[in-house]
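Below is a short report on a two-chain model.

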Amino acid sequence: MRTNDEIQELINHFQFIDDIVVDEAGVRAEYQGNTLEQPLAIKILSVFGGIMASVFFLVFLGLSGLFQYYWILLLLGVTAMIAAVWWTRKYDLIMLDSFSVCIFIIGLSLMGLSLQELLKSESLMYLSGIFASLATLTFSRNYLISFLSVLAIYGGHVGLILHNGFHDLLPIQAMFLSALTLFVFMREPYIVTANETISRLYNSVRMGLVFCLLMSLNMVTLEEFDFDIKSNGWACSIFNISAMVFLIWRLMVLLEVNENSKRILLLTAVVLILLPTIPSPAISGTLLLVLLGFHYDHKTTLVVGIVGFIYSISQYYYDLNFTLLTKSILLFTSGVGFLALYFITQKIYLSHGKD
Amino acid sequence: MQITREDIHVLGRNSSMGKEEAENALKVHVYSDKISWLRFIQWSLLALGVGFAVSGILFFFAYNWAGLHRFSKIGLAGTLLVAATAVALIPTLSLLLRKIALTGAAVLVGVVFATYGQVYQTGADAYDFFLAWAVFSLIWVAVSDFAPLWLLYIWLLNTTLAMYSQQVATDWSSLMVMSIHLVLNSFFLIASLGISSYFKWAEMPNWFINLLGLTVSGIATVGIIVGIFEPKVPTFPFIIFTTLALYGLGVWHGIQKRSLFFLAIIALSLIIIGAVFFLYRFNQQGMWLVVSLHTIVLVTLVVRYMLKLQKEWYHEN
């Protein structure tokens, strides 16, 4: 939210610094439209309210016996999803978000329930859900609807994979999500200046991808450790570690690590430290989120990454098939190693500071 | 004026700004710079080092625990407690490190009591253990002025109460227990708000106050929902009046301190309570539709009011 004076100051700043032509009316219209800078409290209230209302409505439909009229449910579902998109495009107001979320969830649920019975194929139901959510994402301009669409697309994919028993595809899905998340974070300037529609979708899609990646990583790790389903999760870990190496390589320019020998030494150290975590893709994946969240200043990603990292590393050590003594040696040695690195970097930092 | 990511996105959509200009603007105003990264790397290495090393030590003692002599067990726990307290008293260390050490010492008080109870098989009820832990760490908690330690202490008191109601006061109704929890947590919430308002040097961080607010709201919501199903319990009116008073105070505080968080959780709590009440009282199919509509309408109205407040506060600034 900005006052008129602040908007003018902003416009003047960029016109002066970068010599760009600004559509002042368009800028003012966006700031006055109240669709920017939603406080987290309002977002959470809207989502919870929407979910609660949709659950109550679905229970009502179930109790009134309407669930046996599948064609009516399908029609209602499709109408609700179209209405959610149309409503948010026509009345782009934050206060109507919970209503939009409600009818979107109702629409998606009714579509899913009816298609499952009409098509007699769970796979076709998931595919339909994916296409419907993709269509919603294409046409919606609302943050919450777009965010939920991304989650729905991911959910549809997971449903397809698990229903058909293609567990080997889960690590591939996780790798794809890692790559896509990295791309979306790194290409922010390109995306937000590409065109208006994609720019408006950026924040919600990025947030959706972060949560999808976290769920995907946990699913792959869970399958490896808890369900003992061997699904090549190690490939996902190697991919995540490679992604981190790529990101760190680029960060070295910022950190002014210019000698190639130092760069290679640092990257080798990172790879060696992460090698033992290959059985748990969640560790390298959440570390990637931490790096992305910190560098690109996205606090939610950073917090999600840190919490995910603590959880995944705890789970990893808990599930390791070693004695407590071996685990204690591993942990203590790692701790000493990190503390040694801390004191070395402290010394380098202080000596450069004096220079 | 601090330029944010949102400003750059708006300009990206409404100007001739190209990707290079957007990238420069994001690098200058949004993305982390070299100094932030160096600080982050240092703190991460320290946190990872301490976390892994301490976990390694804990695992080592877990491995050897059964074989240790009883004096070694108690002595070890006691030594760690003394060491943590000694670290907290070193004046040359930073205040934050000393407070973290004191928090560690408060946790180790519980470890000492647990070890003693395990070695001598005192057969004490769990609530005795938590009560003793709370009593013996009270002074440190009071002088520490450290929110995480206060949080630990509030958790201790709640756990003591829960254990007491399960092991000793088994005739207490669930509503009675919830009422006491509500009073206990409300006391800390009101005390924190009061201290923050009148003693600026002891101001509690927002996350602590918000977490307490969420806890109080959660207990009040669950308490009233339980009461809806057991309305004849004598403590039900007490919970209702206490909740109303607290929520009134919460709304006042939210508006005074410009905190949308309090308004949001109070609104959500009241909407949930209303929904459960109507569904229970009027047990009909159509009531689910009414409650669905009631939820949407109320959330929309509350969000509208919150947006209006946000706009007013921004312009007053």
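B:Asp145 is partly exposed, because its relative accessible area is 32%. Here buried means under 20% relative accessible area, exposed over 50%, and partly exposed in between, with a 1.4 Å probe and protein chains only. B:Asp145 sits in the loop between α6 (126-144) and α7 (147-167) of chain B. Its phi is positive, about 50°, although B:Asp145 is not a glycine. Helices (H or I, at least four residues) and strands (E, at least two) are DSSP runs, numbered from the N terminus.

B:Arg258 is another non-glycine residue with a positive phi, of about 60°. B:Arg258 belongs to the loop between α10 and α11 of chain B. With a relative accessible area of 33%, B:Arg258 counts as partly exposed.

## Basis of the model

This is a predicted model: local features need pLDDT of at least 70, side-chain atom pairs count only at pLDDT 80 or more, and totals for chains, interfaces and linings use all residues. Residues are numbered from 1 along each chain as its sequence is written, chains are lettered from A and ligands numbered from 1 in the order in which they are written, and side-chain values use heavy atoms, with hydrogens and water left out.

## The interface of chains A and B

The size of an interface is often given as the accessible area lost when the parts come together. Between chain B and chain A, the buried area is about 7,700 Å². That is the accessible area (1.4 Å probe) that two parts lose on being put together, summed over both. Carbon and sulfur atoms give 74% of it. B:Arg13, B:Trp37 and B:Phe52 supply 10% of the area that chain B buries against chain A, more than any other three residues.

In contact terms (heavy atoms within 4.5 Å), 77 residues of chain B meet 83 residues of chain A. The rule also finds 18 residue pairs in polar contact across this interface, both residues at pLDDT 80 or more. A polar contact is a pair of N or O atoms within 3.5 Å; within protein, one must be able to donate a hydrogen and the other to accept it, and residues adjacent in sequence count only if both atoms are side-chain atoms. On the side of chain B that touches chain A, five helices of chain B each supply at least two residues: α1 (5-13), α2 (19-29), α3 (34-64), α11 (260-281) and α12 (285-316). The largest share, 21 residues, comes from α3(B). This side of chain B divides into 44 nonpolar, 22 polar and eleven charged residues. Ala, Val, Leu, Ile, Met, Phe, Trp, Tyr, Cys and Pro count as nonpolar, Asp, Glu, Lys and Arg as charged, and the others, Gly among them, as polar.

## Salt bridges

A salt bridge is a side-chain nitrogen of Lys or Arg within 4 Å of a carboxyl oxygen of Asp or Glu. The count over all chains is twelve. Three salt bridges cross the interface of chain B and chain A.

One pairs A:Glu30 with B:Arg13, the closest N and O atoms being 3.0 Å apart. The pair crosses between chains, from helix α2 (residues 24-32) of chain A to helix α1 of chain B. Both A:Glu30 and B:Arg13 are buried. Another pairs A:Glu256 with B:Lys34, again with the closest N and O atoms 3.0 Å apart. A:Glu256 lies in the loop between α11 (233-254) and α12 (260-274) of chain A and B:Lys34 in helix α3 of chain B, so the pair joins two chains. B:Lys34 is partly exposed, at 27% relative accessibility.

Within chain B, B:Glu23 bridges to B:Lys27, the closest N and O atoms being 3.6 Å apart. Both lie in helix α2 of chain B, four residues apart, about one turn of the helix. Salt bridges that share partners join A:Glu30, A:Arg141, A:Glu196, A:Arg200 and B:Arg13 into one network.

## Nonpolar cores

A nonpolar core is a set of buried Ala, Val, Leu, Ile, Met, Phe, Trp, Tyr and Cys residues joined through side-chain atoms within 4.5 Å. The largest has 87 residues, and those with the most contacts inside it are A:Phe14, A:Val27, A:Leu247 and B:Ile8. Not counting residues up to four places away in sequence, B:Ile8 touches A:Phe14, B:Ile3, B:Met17, B:Ala22, B:Ala25, B:Leu26 and B:Val30. Another core, of 38 residues, lies apart from the largest one; B:Ala101, B:Ile154, B:Leu156 and B:Ile209 are among its residues.
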